[in-house]
Amino acid sequence: MGQTILDGATAKKALGRLMESYKHAHYYLNFGTDVELMVAAIISAQTRDEVVNLLTPELFKRYRAVNDYAQADEKELAGYISKVSFCDAKAKNIIKTCRIIMDKHAGRIPRSMGELLELPGIGRKTANTILINAYGIVEGIPVDTWVIKLSWRIGLSGSKRPEDIEQDLMGLADRKYWKTLAYVLKSHGKAICQSQAPLCSKCMVKDICLRNGVKQSR
Ligand code: SF4
């Protein structure tokens, strides 16, 4: 079997080039408040950003504060997000989460990883997303499907488990880059390292990337 992971110095070089190429990469869901961010992030699991961004304007008009969601009718809330996968489960989680925030946190979204992870529908990826984008608190790196795919392809991590990948990336990238790294990888995935046939001939890391699992490229 060939090499599946880059040595540290080469992996850092690849990350450096990607960070440089996608300097303006940023979080991709629209929100105005921390509550909106939390709700959008919960809704976005296994759903395309474009779909979430299309439905949130109406949703955010109907429900504004944590308490609005805590008191929401589950069926009505699910109706607002019916275009996303698992809308019933997500509506249930949003309501439960907001009730806990009202009861245990005086209506304010907690600002620590430990407390966020106690809320239904919130895993490490969503918790990192909320901490970084709502409060500027950087504890880790949100690992979404693009991060998993590209970390494996390029050879930044030898694992496909989000927890391991997060640790590997945290070891490779300076802390100042943790905020945007996920969005850099996503931007690269959308622009060049596409799912089916990546555009390797145009890629800024083509001389470094291990192309793990890439069967067809352009
Ligand atoms: S486009 Fe090709 S060379 Fe570039 S990161 Fe993706 S698989 Fe690697």
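I take a helix to be a DSSP run, H or I, of at least four residues, numbered from the N terminus. The model I am reading is predicted.

**Entry 1. Helix 8**

I began with the end of helix 8. Glycine 136 follows this helix, and its phi is positive, near 70°. Next I checked the span. Helix 8 covers residues 124-135, which makes 12 residues. At 1.5 Å a residue they should span 16 Å, and the end C-alpha atoms are 16 Å apart, so the two agree.

Which residues of helix 8 are buried? I noted Thr126, Ala127, Asn128, Thr129, Ile130, Leu131, Ile132 and Tyr135. Then I looked for what covers them. The cover includes helix 2, helix 7 (113-117), helix 10 (162-172) and helix 11.

**Entry 2. Helix 2 against helix 6**

I turned to helix 2, residues 34-43, and helix 6, residues 87-104. Their axes come within 10 Å and cross at roughly 145°. I logged the crossing as right-handed. Which residues make the contact? From helix 2 I listed Met38, Val39, Ile42 and Ile43. From helix 6 I listed Lys90, Ile94, Thr97, Cys98 and Ile101. I sorted them by class and got 7 nonpolar, 1 polar and 1 charged.

I kept one general point beside this list. An α-helix has 3.6 residues a turn, so residues three or four places apart point the same way.

**Entry 3. Serine 151**

Serine 151 sits in helix 9, residues 145-154. Is serine 151 buried or exposed? Its relative accessible area is 0%, so I put it down as buried. The cut-off for buried is under 20%.

I then looked for a partner for its side chain. A polar atom there lies 2.7 Å from the backbone oxygen of valine 147. I also searched beyond the neighbours within four places in sequence. There serine 151 is in contact with Leu156, Ser157, Ile165, Leu169 and Leu185.

**Entry 4. Histidine 188**

My last stop was histidine 188, in helix 11, residues 175-191. Its relative accessibility is 1%, so histidine 188 counts as buried too. What touches histidine 188, leaving aside its neighbours within four places in sequence? I found Leu18, Tyr22, Leu150, Cys193, Cys203 and Met204.

I also checked the distance to alanine 25. Histidine 188 and alanine 25 are 163 residues apart along the chain. Their C-alpha atoms are separated by 9.4 Å.

Conventions:
Residues are numbered from 1 along each chain as its sequence is written. This is a predicted model: local features need pLDDT of at least 70, side-chain atom pairs count only at pLDDT 80 or more; totals for chains, interfaces and linings use all residues. Side-chain values use heavy atoms; hydrogens and water are left out. Helices (H or I, at least four residues) and strands (E, at least two) are DSSP runs, numbered from the N terminus. Buried means under 20% relative accessible area, exposed over 50%, partly exposed in between (1.4 Å probe, protein chains only). A polar contact is a pair of N or O atoms within 3.5 Å; within protein, one must be able to donate a hydrogen and the other to accept it, and residues adjacent in sequence count only if both atoms are side-chain atoms. Contact means heavy atoms within 4.5 Å. Axes are lines fitted to C-alpha atoms, for helices over the stretch in contact, and angles run from 0 to 180 degrees between N-to-C directions. A crossing is left-handed if the near helix is turned anticlockwise from the far one by less than a right angle, and right-handed if clockwise. Ala, Val, Leu, Ile, Met, Phe, Trp, Tyr, Cys and Pro count as nonpolar, Asp, Glu, Lys and Arg as charged, and the others, Gly among them, as polar. The expected span of a helix is 1.5 Å times one less than its number of residues.
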